Amino acid sequence: MVPPTQYRVLLLGSGGRESAIAYKLSHSPLLKELYIAPGNAGTKAYGINLPLNPTDFAAVADAVDRYGIDLLVCGNEDPLVGGVREYIEAHCKATGRQVGIVGPGSAGAALEGSKDFAKDFMMRHGIPTARHLTVDASTIAEGEAFLESLDAPYVLKADGLAAGKGVLIINDLAEAKSSLRQMLEGMFGEASAKVVIEEFLDGIECSVFVLTDGTGNYRLLPPAKDYKRIGEGDKGLNTGGMGAVCPPPFCTPEFMAKVEERIVKPTLSGLMAEGIDYRGIIFLGLIKVKDEPMVIEYNVRLGDPETEAVLPRVQSDLLDLFAGIAQGDISGKELAIDPRAAVTVVAVSGGYPGSYEKGKEIKGNLSPEKSIVFHAGTSEGVDCPVTSGGRVLAVTSFGDDIYQAVSQSYESLGNISFDGMYYRRDITKDLCLKD
């Protein structure tokens, strides 16, 4: 494939992650036109929103043809796990078109689509992770015996995609056994037809994104730490993420060297050894246990809200990097990183992650001079954007350190409002040990 001099890009997704990707792509001199499907009220500032469902592959293929797309970027996991890469590749072969795709096929996407597959992959390739056992309705007794062999707390994970909600951490053994049965009986639908029971790892979590071209070449984006609980002090229900810090102070050069040698390189060599053509992004959900990195999970796309803190620090041309991924060669691609820190604070709807109302008008300064406001759960209103999801806005700021950056994000959030708006006011406070 002869690469074009400029690209028409189709980005699939509608959240804060896709807003951040669109923001970076819109600054590329290689960009001819950017389409976001379906996008949100904020992404229209960076390109053209298309009202289509990313898992409707026929509609995606029609958009590829209609708008002359050169590069398809998959923002979220559902289309990848469902096989959008194979569908579009077959479509292009039938029509004689050439389209680059950033994102793995369904075989590679199984790293996120099946926790059982991911854990077995790590075992096969010597990648450090927690002890585990996968059970289904026919092996409940084995699962209960495995739970009895573990110390509390107990970790239960739905095998399939559960929109970030399929993980339970339980302190009581009897409750863990009961929850295991409930999960297998459909607590998370088909996603928990199989359940992975894991040993609990005690440490601090971080996220690392790997850009890879399928040939062993890779680039590491700077590490980040997100905040998953709704309440301050990491209390309350799990959410999709209430904020993110980039870089976390505990991700030292020595720790990151271990991540590369023990996790990144074995993962990429393992994929190639198993004949999996993986051109895309690997999200490493890691935990630092006594200075040693271990894998909690793989995802097959950028994380949210970490992306909103990581991508603003990328000074290189993201479209150039994405094009190299799709073409199978990023060996000569530059990755320059802004030396400043970035912190994202997420504003959510009242009631989230439980039930919440939509359609609340978002007022205030959504284009502050010293911050970037990424839209997540928003849609067009009559006079201003309105809320349409649980996580509504992600506000990112730079600083000489993470504490200066978060202070600026809070200042910018103080000039934005919508009915029921809530955000955590303790982002970075757990990291207040200055180096």
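Predicted model: local features only at pLDDT ≥ 70, side-chain atom pairs only at ≥ 80, totals over all residues.

Colleague: Which residues form one aromatic cluster?

Modeller: Tyr23, Tyr46 and Phe374 make up one such cluster. Across the whole structure, a search finds 9 aromatic pairs.

Colleague: How are the planes of phenylalanine 121 and tyrosine 298 arranged in their aromatic pair?

Modeller: Planes over 60 degrees apart count as edge-to-face. Phenylalanine 121 and tyrosine 298 form an edge-to-face pair, with 75° between the planes and 6.1 Å centre to centre. Phenylalanine 121 belongs to helix 6 and tyrosine 298 to strand 17, so this pair ties together parts that are 177 residues apart in sequence.

Colleague: Are phenylalanine 121 and tyrosine 298 buried or exposed?

Modeller: Buried means under 20% relative accessible area. Phenylalanine 121 has a relative accessible area of 0% and is therefore buried; tyrosine 298, at 2%, is buried as well.

Colleague: What can be said of the pair of tyrosine 352 and tyrosine 356?

Modeller: Their ring centres are 6.2 Å apart and their planes stand at 65°, so this pair is edge-to-face. Tyrosine 352 is buried, with a relative accessible area of 11%, whereas tyrosine 356 is partly exposed at 28%.

Colleague: How should I read the nonpolar interior?

Modeller: In soluble globular proteins, nonpolar side chains tend to be buried together. Here the largest nonpolar core has 71 residues, of which Leu10, Leu72, Leu284 and Tyr298 touch the most other members. Helix 9 gives the largest share of this core, 7 residues. A second, separate core of 44 residues includes Leu11, Leu302, Leu319 and Ile372.

Colleague: Where does helix 9 bend, and which of its residues are buried?

Modeller: An α-helix has 3.6 residues a turn, so residues three or four places apart point the same way. Helix 9 covers residues 253-273 and reaches 28 Å from its first C-alpha to its last, close to the 30 Å expected. The bend, of about 35°, is at glutamate 260. Among the buried residues of helix 9 are Phe255, Val259, Ile263 and Pro266. Their cover includes helix 5, helix 6, strand 16 and strand 17. Just after helix 9, glycine 275 takes a positive phi of about 70°.

Colleague: Which residue lies over the face of tyrosine 227?

Modeller: Lysine 225 does, at 3.7 Å from the ring centre. Arginine 301 lies over the face of phenylalanine 283, at 5.9 Å from the ring centre.

Methods:
Residues numbered from 1 in each chain as written. Heavy atoms only, no water. Helix = DSSP H or I, 4+ residues; strand = E, 2+ residues; numbered from the N terminus. Expected span 1.5 Å × (residues − 1). Bend = angle between axes of the 7 residues up to and from the residue. Buried < 20%, exposed > 50% of the residue type's maximum accessible area, 1.4 Å probe, protein only. Contact = heavy atoms within 4.5 Å. Core = buried A, V, L, I, M, F, W, Y, C linked by side-chain atoms within 4.5 Å. Phe/Tyr/Trp six-rings, centres within 6.5 Å; stacked < 30°, edge-to-face > 60°. Lys NZ or Arg CZ within 6 Å of the ring centre and 35° of its normal.
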